[in-house]
Amino acid sequence: MKTAGSDSKAADDTEFHGVLYDSFACVGCRNCENACAEAHGFPLPQDELVAGVLRKTSETQRCVINAYSTPNGEVYMRTQCMHCNEPACVAACLTKAMYKTKEGPVIWREDKCMGCRYCMVSCPFDVPKFEYHSANPKIQKCDMCYDRIIEGKIPACVENCGVALFYGTRRELIAEARKRIVENPGVYVDKIYGETVAGGTGCLYLSSVPVNELGMKTNLQNASYPALTKGFLYSVPSVFVLVPTLLLGINKATKNKPENNEEDE
Amino acid sequence: MNSQAATAVSNSKAPTMWRFLLSEMKPRGKWFTWFNVISIPVIITGLVLIVIRFANGIGAVTNLTQEVPWGLWIGFDVVTGVAFAGGAYILTFLVYILNQKKFHSIVRVTVLNGFLAYLFYAGALLLDLGKPWNVINPIIGNSFGTNSVLFLVAWHFLLYMLAELIEFSPAIAEWLGARRAQRILSGMTLAAVIFGITLSTLHQSGLGALFLMAKEKIHPLWYSEFIPLLFLVSSVFAGLSMVIFEGSISNKVFSDQISEKSHKEHNRILHSLSGICAVAMFAYLFLQVLNFIHNKRWDYLNTPMGYWFLTEIIGFVILPMVLYFYSYRVKNITLIKVAAVLTMLGIILNRLNVSVIGFRWDAAVRYVPSWMEIVVTLTIIFIEIWIFRWIVTRMPVLRESPAWARKEH
């Protein structure tokens with residue numbers, strides 16, 4: 001697959017990886033939740049899965065499965081960090097603690113974070129969670145098991161699932177999702193959630209009912225979120241050049257001292 | 001009496017200097033005042049709460065949630081406080097850039113207020129940080145998140161505090177009787193002012209730009225791509241209304257500091273400021289209306305949030321704007337002060353609506369600040385006033401500079 005090239009170039013060929021979740025295939029066994037808790041040292045989730053009762057990710061649970069009663073019967077949906085292509089949290093972070101790796105996962109680095117929670121304010125999916133009751137708090141969110149990925153393994157949830165979660169490059173996953181839609185006519189909604197939302201995400205969703213019935217946000221824009229602050233940030237250099245010049249000009253123009261030579265810089 | 005002490009210091013050696021500083025540290029004036037009676041218990045409670053916050057985490061004293069991670073400490077202390085501190089850059093613009101000398105007598109006190117505001121709001125920010133010891137990360141350069149609006153705002157806070165300190169520093173030099181330093185520092189004023197105004201335009205708007213990425217989280221009546229511009233324009237009359245409000249109080253409380261001439265001037269200054277406020281508010285209202293129509297927000301008006309929006313715009317923008325215009329015409333100083341208070345309430349409403357009240361207005365669990373958050377906020381404001389009072393009663397802020405400094409000016 002790799003074309004001939006220098007070794008240093010090889011690193012740049014790394015594609016974004018992601019996770020495809022097939023809600024139609026999911027049986028709601030919550031093995032992924034347990035695997036996640038085990039992999040990251042959290043207590044195993046104890047609460048029951050009841051259709052219509054919304055469970056949320058928290059500072060001790062990075063992914064959740066929810067059940068929804070729909071015309072197609074009980075349908076499951078998974079929630080975790082979406083691993084956006086252009087993450088709002090990364091653009092928001094002033095210390096680069098939130099970081100989009102070249103492999104695709106969005107990770108959080110404790111030594112850099114100052115705990116301002118601007119990532120939480122900016123994330124359109126409300127993903128990062130903050131340990132409010134700790135004197136040395138962490139931000140908790142799914143990191144797609146980045147430690148495992150760089151060791152060549154796959155995320156714990158995917159490894160423990162086998163029917164509904166798939167790990168791969170984003171391109172492969174989109175191809176796989178399309179294939180499933182085409183090969184199973186009438187089963188899936190002809191839309192891959194995550195392909196375009198928020199500028200595209202690493203986590204992709206297939207479902208048999210529209211995702212807005214499964215608690216997913218459908219009011220989000222398709223453009224990337226960092227683009228919203230681009231205009232403002234691009235204006236900064238111009239302001240820094242133009243405003244002082246203008247101010248100095250006005251200052252000289254409005255000075256009406258009889259002796260000009262006395263107090264000049 | 002104070003200037004004599006200062007002159008004495010400048011003429012003698014270091015030990016006298018220490019003695020002078022020590023004697024200046026001592027509290028002056030009556031202890032048993034209404035302000036002290038109220039502020040001291042609040043400050044003590046607040047300090048205890050701050051200890052609890054650092055021992056048990058932010059959740060121990062605040063009601064913040066995972067959906068609403070910024071509450072009163074950011075929405076009021078920082079976002080609103082900085083708007084109120086905007087008076088310093090507007091006044092330095094009037095005095096040093098437009099050379100409007102009639103405002104000169106209040107420029108020092110305004111810059112001092114601005115500086116203390118930034119100092120304490122940056123302090124309040126530290127309380128809200130989960131890992132405040134990492135606050136140096138974006139500053140010393142081991143991790144520059146240069147594509148973050150907050151990075152820009154943080155740096156601007158820091159640099160602007162420096163600029164304001166330089167702008168204010170001649171007063172410190174005059175207090176210490178350091179003539180040479182006073183001359184050098186005064187010479188830096190214009191540069192500091194130009195730098196300071198540039199920083200202010202960027203971070204006043206930057207505070208608004210912070211919320212640009214929260215596009216779907218902020219109620220549509222308060223979210224638009226023009227938040228930065230709205231924040232910048234409103235900081236003009238927010239800052240000046242604060243100057244009017246604070247000036248009116250200082251004029252009474254510190255009347256012994258103020259010369260007869262300045263007292264007389266003060267009403268003339270308030271009158272001029274009210275005109276500026278009226279025009280700035282008109283520009284702001286125009287932008288708000290334009291924004292409202294452009295984004296087609298009509299459907300939201302007949303909802304509870306819509307009524308709240310109308311309350312803000314009609315009661316706290318249009319009404320004080322009309323009051324400012326009217327009181328400017330008839331030269332009614334009392335009405336100007338009323339308009340200033342209404343305007344300030346409007347700014348508090350607006351900033352909180354964007355950052356707290358309208359933020360995740362649809363969340364299942366609404367954030368309401370805890371009493372502890374409010375007490376800590378009051379603590380910060382009271383400590384700031386204590387420091388302000390300490391400085392004003394010692395340095396030539398409200399009163400005129402010592403004769404030697406005026407001659408060299």
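**Reading a two-chain predicted model**

Biologist: Now chain A by itself. What is its secondary structure?

Modeller: Chain A has eight helices and nine strands.

Biologist: How does the radius of gyration of chain A stand against that of a compact globule?

Modeller: A compact globule of 265 residues would come near 18 Å, but chain A has 24 Å. The box gives another view. Along the principal axes, the C-alpha atoms of chain A fill roughly 90 × 50 × 40 Å.

Biologist: What share of chain A is buried? And what share of its contacts joins residues 24 or more positions apart?

Modeller: Buried residues are 41% of the 265 in chain A. For the contacts, take those with a separation of 6 or more. Of these, 58% join residues 24 or more positions apart.

Biologist: Take one strand. How do I read the directions of its side chains?

Modeller: In a regular strand, side chains alternate between the two faces of the sheet. Strand E1 of chain A, residues 17-22, is the case here. His17(A), Val19(A) and Tyr21(A) point one way. Gly18(A), Leu20(A) and Asp22(A) point the other way.

Biologist: Is E1(A) mostly covered or mostly open?

Modeller: Mostly covered. Six of its six residues are buried.

Biologist: Which strands pair with E1(A), and in which sense?

Modeller: Look at the bridges and the direction. Five bridges join E1(A) to strand E8(A), residues 165-169, and the two run antiparallel. In that pairing, Leu20(A) stands opposite Phe166(A). Strand E9(A), residues 203-206, pairs with E1(A) in the parallel sense over four bridges. There, Tyr21(A) stands opposite Tyr205(A).

Biologist: On to helix packing in chain B. At what angle do H6(B) and H16(B) pack?

Modeller: Read the angle, the axis distance and the hand together. H6(B), residues 104-128, and H16(B), residues 371-392, pack at about 145 degrees. Their axes are 10 Å apart. The crossing is right-handed.

Biologist: Which residues make the contact between these two helices?

Modeller: From H6(B), they include Leu112(B), Leu116(B), Phe120(B) and Leu127(B). From H16(B), they include Val376(B), Ile380(B), Glu384(B) and Phe388(B). By class, the residues of this contact divide into eleven nonpolar, two polar and one charged.

Biologist: Last, backbone angles. Which residues have a positive phi although they are not glycine?

Modeller: Two examples follow, one from each chain. Lys96(A) has a phi of about 60 degrees. Lys331(B) has a phi of about 55 degrees. Lys96(A) sits between helix H3 (88-92) and strand E4 (98-100) of chain A. Lys331(B) sits between helix H14 (304-330) and helix H15 (333-357) of chain B.

Biologist: Why does Lys96(A) count as buried? And how exposed is Lys331(B)?

Modeller: Count C-beta neighbours. Lys96(A) counts as buried because it has 20 of them inside 10 Å. The cut-off for buried is 20 or more. Lys331(B) has 13 other C-beta atoms within 10 Å, so it is partly exposed.

Conventions
Residues are numbered from 1 along each chain as its sequence is written. Chains are lettered from A and ligands numbered from 1 in the order in which they are written. This is a predicted model: local features need pLDDT of at least 70, side-chain atom pairs count only at pLDDT 80 or more; totals for chains, interfaces and linings use all residues. A residue is buried if 20 or more other C-beta atoms lie within 10 Å of its own, exposed if 12 or fewer, and partly exposed in between; C-beta atoms are placed from the backbone. Two strands pair if DSSP finds at least two bridges between them. Axes are lines fitted to C-alpha atoms, for helices over the stretch in contact, and angles run from 0 to 180 degrees between N-to-C directions. A crossing is left-handed if the near helix is turned anticlockwise from the far one by less than a right angle, and right-handed if clockwise. Two residues are in contact if their C-beta atoms, placed from the backbone, lie within 7 Å. Ala, Val, Leu, Ile, Met, Phe, Trp, Tyr, Cys and Pro count as nonpolar, Asp, Glu, Lys and Arg as charged, and the others, Gly among them, as polar. The radius of gyration is taken over C-alpha atoms; the globule rule is 2.2 Å times the number of residues to the power 0.38.
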